[in-house]
Amino acid sequence: MLPLAAVAFHFSVATLSPSVRAELRREAWHPGCPVGLGELRVLSVSYHGFDGLTHTGQLVVNRAATGPLARVFRQLYALHFPIRHLSLEDVYGPPRARPADNDVSGGFECRQAVPSPCVGGSGTGSWSEHAFGEAVDLNPLENPYVGCGESRNPKSRPYFDRSRHRPGMVTPAVVRAFASVGWGWGGSWSGSTKDYMHFSATGH
């Protein structure tokens with residue numbers, strides 16, 4: 001880890017190692033998912049942390065999304081947009097070893113779309129864009145999924161007010177970075193339900 005100005009942005013793309021495949025099979029993928037493990041890649045990117053240092057993080061995404069997302073994360077790096085946690089261990093590792101604050105950014109997870117907090121429940125019956133490896137969540141504590149004035153994480157309530165910017169909150173510049181590769185933002189959904197952490201290839 002080095003001071004922000006000391007390291008230029010870099011990225012790399014790799015196929016899933018046997019250990020990552022095992023983690024995904026245990027935590028995030030199963031037969032019947034809409035993408036096979038062979039369609040997924042590990043994207044490693046430079047990012048700025050909340051600690052004022054530059055780090056290398058990883059996320060699992062669809063192989064078709066690696067190029068666009070590398071361009072996005074290059075822009076986020078130039079913006080000095082801070083990310084709290086961005087590692088495969090934080091997303092797919094043993095639950096007891098994951099960050100206690102749950103402020104984990106990530107990509108692939110084979111699951112149903114999560115219904116609005118207005119509705120409750122755990123699934124909608126439709127695949128989430130995360131299940132295709134074509135969605136990214138950024139800093140879920142600072143960018144909550146909100147509906148009807150409620151969120152599933154009470155600690156995110158201070159961030160319901162989007163008019164007062166604090167570090168890690170999605171800004172218009174971050175939205176433009178994703179829009180530059182054709183990805184939409186859950187914070188722009190119509191109605192009272194907003195998913196401020198969520199970006200996806202389809203906008204859903």
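Select Leu43 first: its bridge partner in strand β4 is Leu59. Strands (E, at least two residues) and helices (H or I, at least four residues) are DSSP runs, numbered from the N terminus, and two strands pair if DSSP finds at least two bridges between them. The model is predicted, so local features need pLDDT of at least 70 and side-chain atom pairs count only at pLDDT 80 or more, whereas totals for chains, interfaces and linings use all residues. Residues are numbered from 1 along each chain as its sequence is written, and side-chain values use heavy atoms, with hydrogens and water left out.

**Stop 1: strand β3 and its partners**

Select β3, residues 40–49. Of its 10 residues, 10 are buried; buried means under 20% relative accessible area, exposed over 50%, and partly exposed in between, with a 1.4 Å probe and protein chains only. Colour the two faces separately. One side carries Leu40, Val42, Ser44, Ser46 and His48, the other Arg41, Leu43, Val45, Tyr47 and Gly49, and both faces are covered.

β3 and β4 run antiparallel and are joined by 9 bridges. His48 stands opposite Thr54 of β4. Between the two strands of this hairpin there are 3 residues, and Gly52 there takes a positive phi near 80°. In β4, 7 of the 10 residues are buried, so this strand is largely enclosed by the rest of the structure.

β2 pairs with β3 in the antiparallel sense over 5 bridges, and Ala14 stands opposite Val42 in β3. The pairing of β3 with β5 is parallel, over 2 bridges; Pro82 in β5 is the bridge partner of His48.

**Stop 2: Ser44**

Which residues does Ser44 touch, not counting those up to four places away in sequence? Centre the view on Ser44, in strand β3, and display His10, Phe11, Ser12, Thr56, Gly57 and Gln58, which are the residues it touches. Contact here means heavy atoms within 4.5 Å. Ser44 has a relative accessible area of 14%, so it counts as buried.

**Stop 3**

Select residues 66–78, which form helix α2. The expected span of a helix is 1.5 Å times one less than its number of residues. For the 13 residues of α2 this should be 18 Å, and the end C-alpha atoms are 18 Å apart, which agrees. The buried residues of α2 are Thr66, Pro68, Leu69, Ala70, Val72, Phe73, Leu76 and Tyr77.

Phi of His80 is near 60°, a positive value in a residue other than glycine. Is His80 buried, partly exposed or exposed? At 45% relative accessibility, His80 counts as partly exposed.

**Stop 4: Asn102**

Select Asn102, in the loop between α3 and β6. Asn102 is not a glycine, although its phi is positive, at about 60°. With a relative accessibility of 54%, Asn102 counts as exposed.

**Stop 5: the largest pocket**

Select Glu109, Arg111, Asp137, Pro140 and Met197; of the 37 residues that line the largest pocket, these are the closest to its centre. The volume of the largest pocket is about 1000 Å³. On a 1 Å grid over the protein atoms alone, a pocket is an open set of points where a 1.4 Å probe fits, with protein on both sides within 12 Å along at least five of seven lines; lining residues have an atom within 4 Å of a point. Grid points are joined across faces, edges and corners, and a volume is the space filled by probe spheres set on the points.

Show helix α3, residues 88–92, which gives the most to this lining, with 3 residues. By class, the lining has 15 nonpolar, 11 polar and 11 charged residues. Ala, Val, Leu, Ile, Met, Phe, Trp, Tyr, Cys and Pro count as nonpolar, Asp, Glu, Lys and Arg as charged, and the others, Gly among them, as polar.

**Stop 6: a three-stranded sheet**

Finally, select β7, β8 and β10, an open sheet of 3 strands in the order β8-β7-β10 with antiparallel pairing. β8 (150–151) and β10 (194–195) stand at the edges, each with a single partner strand, so one side of each is left without a neighbour in the sheet. β7, residues 145–147, pairs with β10 over 2 bridges in the antiparallel sense. Val146 has Lys194 of β10 as its bridge partner.
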